[in-house]
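Here is a short report on helix packing and aromatic pairs. Look over the structure, then read on.

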Amino acid sequence: MPRILLVEDETSIADTLVYALETEHLEVCHTTTAGEALKKLHNPFDLAILDVGLPDMSGFDLCSEIRKSSSLPILFLTARDSEIDRILGLELGGDDYVTKPFSPREVAARVRAILRRTSNQPTAVAKESSSAKGTLLHDPSAMTISCHGTPLNLTAYEYKLLAALMSQPGRIFSREQLLIKAWDDPGSAMDRTVDAHIKSLRAKIRAQSPDGNDPIETRRGLGYTLNPESV
Ligand code: CA
């Protein structure tokens, strides 16, 4: 059972999170201060959830402390937009974040997604060879992606977004993660930029599909994923 270190000083938030995570068959160790969390770190954990506003130290400073000795995946809980900017700056080494107020189920889904991609189990590898039944085919050397045998006429951003989604079909990518994959300077782009490019990308795929559908799925509050059956 994966073990989660939860550092959150607001009892009501912590209680609902512990309940949601345990329902997902995750073992949770809850502390209310950074100091207490640092003492627990000698235990093996699979992921840490850090509130940014802790009483004795900020979640950012706690993250830096953890990073000195560990690459433990870290999910931040934030209350302010200004904190998101810092997380997205990535120098902190966090893996993801959720903003308050959040649904405990959303947090549990994010935790599961991070654990999936950081676990030692082999991750899905993009199929680069031609597959007769797949809808989408990526030719990385030619930097082209075909839909039902017809190469899609994609912009550079659309190509990078779709290649990222195809690299791990079924994985949910947050908008921030897609920004980092497709933009050289993610700081200059916005979540809505991802939405706009995904929208035009979906239209191009649908135009090539006999059934008028596309395999990109929107996961509300989380991001985008590619139906694994399409590759
Ligand atoms: Ca707090």
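## Two helices in contact

Helix α6 (residues 156-167) packs against helix α7 (residues 175-182) at an angle of about 120°, and their axes are 9 Å apart. That makes α6 oblique to α7 (angles under 35 degrees count as roughly parallel, over 145 as roughly antiparallel, 65 to 115 as roughly perpendicular and the rest as oblique). The crossing of α6 over α7 is right-handed.

On the α6 side, Y157, K160, L161, A164 and L165 make the contact. Contact means heavy atoms within 4.5 Å. By class, this contact has six nonpolar, no polar and two charged residues.

This is a predicted model: local features need pLDDT of at least 70, side-chain atom pairs count only at pLDDT 80 or more, and totals for chains, interfaces and linings use all residues. Residues are numbered from 1 along each chain as its sequence is written, and side-chain values use heavy atoms, with hydrogens and water left out.

## Two aromatic pairs

The structure holds two aromatic pairs (ring centres within 6.5 Å; planes under 30 degrees apart are stacked, over 60 edge-to-face, the rest tilted). The rings of F60 and F76 have centres 5.3 Å apart and planes at 70°, so this pair is edge-to-face. F60 lies in helix α3 (residues 59-67) and F76 in strand β4 (residues 74-78). F76 is buried, at 0% relative accessible area (buried is under 20%, exposed over 50%, partly exposed in between).

The rings of Y157 and W183 have centres 4.3 Å apart and planes at 20°, so this pair is stacked. Y157 is partly exposed at 33%, whereas W183 is buried at 7%.

Terms used:
Axes are lines fitted to C-alpha atoms, for helices over the stretch in contact, and angles run from 0 to 180 degrees between N-to-C directions. Helices (H or I, at least four residues) and strands (E, at least two) are DSSP runs, numbered from the N terminus. A crossing is left-handed if the near helix is turned anticlockwise from the far one by less than a right angle, and right-handed if clockwise. Ala, Val, Leu, Ile, Met, Phe, Trp, Tyr, Cys and Pro count as nonpolar, Asp, Glu, Lys and Arg as charged, and the others, Gly among them, as polar. Rings of Phe, Tyr and Trp (its six-membered ring) pair if their centres lie within 6.5 Å; planes under 30 degrees apart count as stacked, over 60 as edge-to-face and the rest as tilted. Buried means under 20% relative accessible area, exposed over 50%, partly exposed in between (1.4 Å probe, protein chains only).
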